[in-house]
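Thanks for coming, everyone. Please have the sequence and the model open while I talk.

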Amino acid sequence: MARKAKELLDIPADDFEMVVRIVREEDIAVARQMAKQLAQGLGFSLADVTKVATAVSELARNIYRYAQTGKIMIRKRLEENGGPTIQVVAVDRGPGIEDVDLVLTRGYTTYERSLGIGLSGIRRLMDFFEVVSEVGTGTAVVVEKRRRKF
Amino acid sequence: MTFKEKVVPTIRVADCLLVPIQIDLDDKTVEQLQAQLLAEIQEQRVRAVILDVRMVEVIDSYISYTLSETAAMARLMGCRTVICGIRPPVALTLAQMGIELQGFLVARDLEHALALVWSP
């Protein structure tokens with residue numbers, strides 16, 4: 001787990017099409033907009049574009065709230081069978097999460113103004129979801145969404 | 001409240017305040033909108049505030065939280081809050097995340113919203 005956290009935190013940003021550094025609150029909206037554009041460009045349905053944009057919005061806000069700074073990195077991957085996939089990697093070198101299962105519990109939050117629904121909500125919106133975190137090192141969240149055929 | 005202080009222009013219709021949101025809601029904007037609406041409820045003594053979110057493409061958990069909080073505040077000031085025009089992809093996303101927009105009456109469109117407000 002610890003090794004994986006470090007590996008993910010050290011993923012080179014060059015491997016991604018879009019990288020948004022989250023430093024200020026406005027960067028949350030920037031990350032959301034970038035994700036939306038990439039998903040639209042790949043021909044995702046309007047519903048899935050909205051899901052990806054919403055998930056990125058939640059991820060960026062988590063970085064801003066709990067780690068102050070971090071990065072949202074987005075890339076497309078071409079799967080052998082099936083259409084393209086959008087992968088979003090959100091990384092920060094913040095305090096880390098002591099109990100990942102606990103923060104994935106719906107309604108759990110350490111923040112006053114929050115529904116405690118962000119991470120558990122993202123998991124429901126996306127096809128793949130993984131949180132890797134180590135206290136004192138940081139947190140990485142990887143999510144993916146496949147383009148669906150109609 | 002002067003026009004310049006408003007993040008979203010509002011329209012007074014009879015005893016209601018219409019709030020057509022035509023901008024992308026980010027964290028700061030939705031917080032400013034909350035303050036604006038509370039001030040306008042007090043100033044204009046309206047019976048209801050109707051948020052039209054037809055143009056809003058993303059509503060995430062914090063935006064929902066702040067909007068619901070605004071509805072609760074409005075209720076404490078004796079004012080009903082109606083939200084209308086939620087787009088299908090936004091409805092889908094909110095429902096999948098399990099977000100209910102508590103505190104709001106929900107209407108299909110403006111006409112429906114006014115009917116809800118004026119119904120006894």
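This is a predicted model: local features need pLDDT of at least 70, side-chain atom pairs count only at pLDDT 80 or more; totals for chains, interfaces and linings use all residues.

Start with helix 3 of chain B.

Which residues of helix 3 of chain B are buried? The helix runs over residues 88–97, and the buried ones are B:Val90, B:Thr93, B:Leu94 and B:Met97. Now look down the axis of helix 3 of chain B. The buried residues fall within an arc of 95°, so they line one face of the helix. Turn to the face that points away from that buried side. There you find the exposed residues B:Pro88 and B:Ala95. Then step just past the end of helix 3 of chain B. B:Gly98 sits there, with a positive phi of about 80°.

Next, the contact between the chains. Chain A puts in 23 residues, and chain B puts in 19 residues. Which elements of chain A give two or more residues to the side that touches chain B? They are helix 2, helix 3 and helix 5 of chain A. Helix 3 of chain A has the largest share of that side, with nine residues. By class, the side of chain A that touches chain B has eight nonpolar, six polar and nine charged residues.

Let's stay with those helices of chain A. Helix 2 spans residues 26–41, and helix 3 spans residues 46–67. They pack at an angle of about 150°, and their axes are 8 Å apart. An angle over 145 degrees counts as roughly antiparallel. That makes helix 2 of chain A roughly antiparallel to helix 3 of chain A. The crossing of helix 2 of chain A with helix 3 of chain A is right-handed.

Who meets whom? From helix 2 of chain A, the residues in this contact include A:Ile28, A:Ala31, A:Ala35 and A:Ala39. From helix 3 of chain A, they include A:Val49, A:Val52, A:Val56 and A:Tyr64. By class, the contact of helix 2 with helix 3 of chain A has 10 nonpolar, two polar and five charged residues.

Now the other partner. Helix 3 and helix 5 of chain A pack at about 155°, with axes 10 Å apart. These two helices of chain A are therefore roughly antiparallel to each other. Helix 3 of chain A passes helix 5 of chain A in a left-handed crossing. On the helix 3 side, the contact is made by A:Lys51, A:Thr54, A:Ala55, A:Glu58, A:Leu59 and A:Asn62. On the helix 5 side, the residues are A:Gly118, A:Gly121, A:Ile122 and A:Leu125. The classes here are four nonpolar, four polar and two charged.

Over to chain B. Helix 1 of chain B covers residues 27–44. Is helix 1 of chain B roughly parallel or antiparallel to helix 2 of chain B? Their packing angle is about 10°, with axes 10 Å apart. Angles under 35 degrees count as roughly parallel. Helix 1 and helix 2 of chain B are therefore roughly parallel to each other. Among the residues that meet are B:Val30, B:Leu37, B:Leu38 and B:Ile41 in helix 1 of chain B, with B:Tyr62, B:Ile63, B:Leu67 and B:Met73 in helix 2 of chain B. This contact divides into nine nonpolar, three polar and three charged residues.

First up, B:Ala48, in strand 3 of chain B, residues 48–52. B:Ala48 is buried, because 22 other C-beta atoms lie within 10 Å. B:Asp15 is 33 residues from B:Ala48 in sequence, and 7.0 Å away in space, C-alpha to C-alpha. Among the residues that B:Ala48 touches are B:Cys16, B:Cys79 and B:Val117.

Then A:Val89, in strand 3 of chain A, residues 84–92. A:Val89 is buried too, with 23 other C-beta atoms within 10 Å. A:Val89 and A:Ala140 are 51 residues apart along the chain, with 6.8 Å between their C-alpha atoms. A:Val89 touches A:Ala140, and its contacts also include A:Leu8, A:Ile11 and A:Met73.

Finally A:Lys4, in helix 1 of chain A, residues 2–9. A:Lys4 counts as partly exposed, because it has 13 C-beta neighbours inside 10 Å. A:Lys4 and A:Arg148 are 144 residues apart along the chain, and 30 Å separates their C-alpha atoms.

Definitions and conventions. Residues are numbered from 1 along each chain as its sequence is written. Chains are lettered from A and ligands numbered from 1 in the order in which they are written. Axes are lines fitted to C-alpha atoms, for helices over the stretch in contact, and angles run from 0 to 180 degrees between N-to-C directions. Helices (H or I, at least four residues) and strands (E, at least two) are DSSP runs, numbered from the N terminus. Angles under 35 degrees count as roughly parallel, over 145 as roughly antiparallel, 65 to 115 as roughly perpendicular and the rest as oblique. A crossing is left-handed if the near helix is turned anticlockwise from the far one by less than a right angle, and right-handed if clockwise. Two residues are in contact if their C-beta atoms, placed from the backbone, lie within 7 Å. Ala, Val, Leu, Ile, Met, Phe, Trp, Tyr, Cys and Pro count as nonpolar, Asp, Glu, Lys and Arg as charged, and the others, Gly among them, as polar. A residue is buried if 20 or more other C-beta atoms lie within 10 Å of its own, exposed if 12 or fewer, and partly exposed in between; C-beta atoms are placed from the backbone. The arc is that of the directions from the helix axis to the C-beta atoms. Lists of a residue's contacts leave out its neighbours within four places in sequence.
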